[in-house]
Amino acid sequence: HTSNVFQPQETKSVFHNVLSGWLMFGFHGDDCAVCNGCIHFSWQGTAVPCSSGVTSERAVPSSGMYKLEIELKRGHNLAVRDRGGSSDPYVKFKLAGKEVFRSKTIHKNLNPVWDEKTTLIMDCLSDPLYVKVFDYDFGLQDDFMGSAYLYLESLEQQRTIPVTLVLTDSQHPDQDLGNLELAVTLTPKDSPIEERRDSTVRIYTAHLSCSIYFIGSMRLSELHRKSQLWRGIVSIALIEGRNLIPMDPNGLSDPYVKFRLGPQKYRSKTLSPQWREHFDLHLYEETGGVLEITVWDKDTGRRDDFIGRCQLDLSTLSKEQTHHLELALEESRGYVVLLVTLTASAHVSIADLSVTPLDDPQERREILKRYVSSTLNSFSNWRDVGIVQVKVMRAEGLMAADVTGKSDPFCVLELINDRLQTHTVYKNLNPEWNKVFTFNVKDIHSVLEVTVFDEDRDRSADFLGKVAIPLLHIRNGEQKSYVLKNKELTGPTKGVIYLEIDVIYNTFKAALKTGVPAEQKYIEEEPKVSKQLLQQNFNRVKRCIMVLISYGTFINSCFEWESAQRSIVSFVLFVVVVWNFELYMLPLALLLLLVWNYFFSSSRETADESEPKGFMGKLYAIQDVFISVQSALDDVASYGERIKNTGNWTVPFLSWLAITALCSATVLLYLVPLRYLVLAWGVNKFTKKLRDPYMIDNNELLDFLSRVPSDVQVVGNS
């Protein structure tokens, strides 16, 4: 406790370097918002409270399972919202944007007493509890009476704390809206395994005085880099859930599963209990081997319901062996069925250029023998496809992210769920890292992502640029400069980065992995609505459709005899193929098409359409997209409804006509071989224009469906 040694601001400035030195020994801390000048330390993530009983906001770990008990007591001097000079208040609690509790309504009272309790189960304290008060109006929209936030990370745990929330309105910040009285109790739901492991860890409080020994200047990026390397991979196949309790009023649930292993998280898809998902987590030395599993019920518009949880001590499982496990949920009935495999990671490392694995001839021979030379290795450990070695040399001309005109750049390399980073080069726009990174390759179709960030001590890192390099596009041993791009990889940004990459893999294993589902990233950003992205995707679909239309136009030109030579060749080829058709000709045709494109394709570059310039150009482009999507959806829905209405006898005449046509087709297909029918159709199609040059081309099936009314037409005509 240093408030009697330095002033708060002096403490903050002088001790930053001291704290970075203490980080080496497991301590970390920050300024206390309550004491205004007291620095709190913690040992391996366990917070040390100050004398006020409230821990530092950043010292409390925000991960793990917690139980939050809330008692809504009363309100004082709430706002008047009714004409009679009173209100009918009720309270809503929201967490992560979802409603988790709603109190009863107290009529005609500005000092209501609720005395209601609720209990929430959560796995994260980073989201504050949002409390909103409304005035109930029958048949009308309820009036807003004020709101407040309760920051859960600042609460002392395992003690009931009285809380007074002052209600405010962002539209009227000076208005007095009263306050609410609550009592909250935050309790961590620790597991017996963790309790046994943490029983030997003692909490230390550092009392600093004027005698200070500076232990060195170790930045956060260097500390994080020390904990990047993992000693193994935990492969998890989430199979199913059994006998889970129903959480919805209809007696069912929409269950999904969350996994946590140290700092890593994975959330399964919201499906029925037959999940059938596969993913990998990393096993670190520092974080231990306790896999935390929680099951939740997905609820739209409100907070998801907690179903149950279980834990798995990975140290009890044998390595290189698949374990079929049925884990019972601790706090409710039901089981979670998993397949868990622990695999040692042979090639994950960070080194300087002087220690490069593939530059050592002996080690390179061993790696080549493991993946290329030895045939027997092609049939063992199919998940180990190869390795990729990345030399991160330097970057030039980076963007200035700091007010000083400089940046503190570091580089992050990601290969699916594998993530490593360099050290930080401070105050430099042309940094040199000269580091070598080695990754395991589990899928040769993966994309190596290299992102450059600017380190900021007090907030999240700033994005400077990014490149994405498919492993199959890499030329071994070639040092190459890559232009940094924006986050969406749609355009360049400032700066280039120099990389040298080598990929060694087993072709047989890589081919086998191509036929199985690709590994999904378990840390991904939620998709956002974007007009630009909508237009881009529409243009992509439009280009694909235009290719199909161009092929159809070419085929139709053969029927129309626009070129006599082309039509004659097409007719002869059609007759020969149909008369001699065998099933092997289908893959043969695709093979010939691929060979033709390989030798004679003039360009394989993707067409890059120019963006519309100016506001009105973009507005018209978006309008065209919406009109086209609207028309396409109308056409698809109309034809689907017409097919349905044909079978529903909406127009009996057309349904009888369909029965007659289907009966005729059945008899013809039964009596006449399909080869002869296709040949007759083709001869008729090719000779139609010769027999009647002025005939209008038609499609009998589409013409028939156009006579059947859609649902919109049925309603309009009734």
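Predicted model: local features only at pLDDT ≥ 70, side-chain atom pairs only at ≥ 80, totals over all residues.
**Overall picture**

The chain has 718 residues, and buried residues make up 40% of them. It holds 14 helices and 28 strands. Among contacts with a separation of 6 or more, 64% join residues 24 or more positions apart.

**Confidence**

The average pLDDT of the chain is 77. A score of at least 70 is reached by 79% of the residues. Two stretches fall under 50. Residues 1-63 stay under that value, yet the model has 128 contacts for them beyond four places in sequence. Residues 191-226 are also below 50, and this stretch has 65 contacts beyond near neighbours in sequence. Among the elements, strand E3 (residues 46-47) has the lowest mean pLDDT, 35. Helix H11 (residues 652-671) has the highest, 94.

**The sheet E6-E5-E8-E9**

Four strands form an open sheet in the order E6-E5-E8-E9, and their pairing is antiparallel. E6 and E9 stand at the edges. Each of these two has a single partner strand, so one side of each lacks a neighbour in the sheet. From one strand to the next the twist averages 25°. Within this sheet, strand E8 (residues 129-135) pairs with E9 over 7 bridges. Tyr130 stands opposite Tyr149, which lies in E9.

**The sheet E14-E13-E16-E17**

A further open sheet of 4 strands runs in the order E14-E13-E16-E17, again with antiparallel pairing. Its edge strands are E14 (264-267) and E17, and each pairs on one side only. Neighbouring strands are turned by 15° against each other on average, direction ignored.

At one end, strand E13 (residues 255-261) joins E14 through 4 bridges. Lys258 has Arg267 of E14 as its bridge partner. At the other end, strand E16 (residues 290-297) is joined to E17 by 8 bridges. Here Val295 stands opposite Gly308 in E17.

| Strand pair | Bridges | Facing residues |
|---|---|---|
| E8 and E9 | 7 bridges | Tyr130 and Tyr149 |
| E13 and E14 | 4 bridges | Lys258 and Arg267 |
| E16 and E17 | 8 bridges | Val295 and Gly308 |

**Helix H11**

The buried residues of H11 are Leu654, Ser655 and Ala658. They cover an arc of only 95° around the axis, so they lie on the same side of H11. The face turned away from that buried side carries exposed residues: Phe653, Trp656, Tyr670 and Leu671. H11 also has the highest mean pLDDT among the elements of the chain.

**Loop residues**

Leu110 sits in the loop between strand E6 (98-102) and strand E7 (113-124). Its C-alpha atom is 6.7 Å from that of His76, although the two are 34 residues apart along the chain. Leaving out residues up to four places away in sequence, Leu110 touches Gly75, His76, Asn77, Leu78, Ala79, Val80, Gly85, Ser86 and Ser87.

Two loop residues have a positive phi without being glycine. One is Gln158, with a phi of about 60°. Gln158 lies in the loop between strand E9 (143-150) and strand E10 (160-166). Gln158 is exposed, because its relative accessible area of 59% is over 50%.

The other is Lys427, whose phi is near 55°. Its loop runs between strand E23 (418-421) and strand E24 (432-441). Is Lys427 exposed or only partly exposed? Lys427 is partly exposed, with a relative accessible area of 48%.

Methods: Residues numbered from 1 in each chain as written. Heavy atoms only, no water. Pairing = 2+ DSSP bridges. pLDDT = per-residue confidence, 0-100. Contact = heavy atoms within 4.5 Å. Buried < 20%, exposed > 50% of the residue type's maximum accessible area, 1.4 Å probe, protein only. Arc of directions from axis to C-beta. Axes fitted to C-alpha atoms, helices over the stretch in contact; angles between N-to-C directions.
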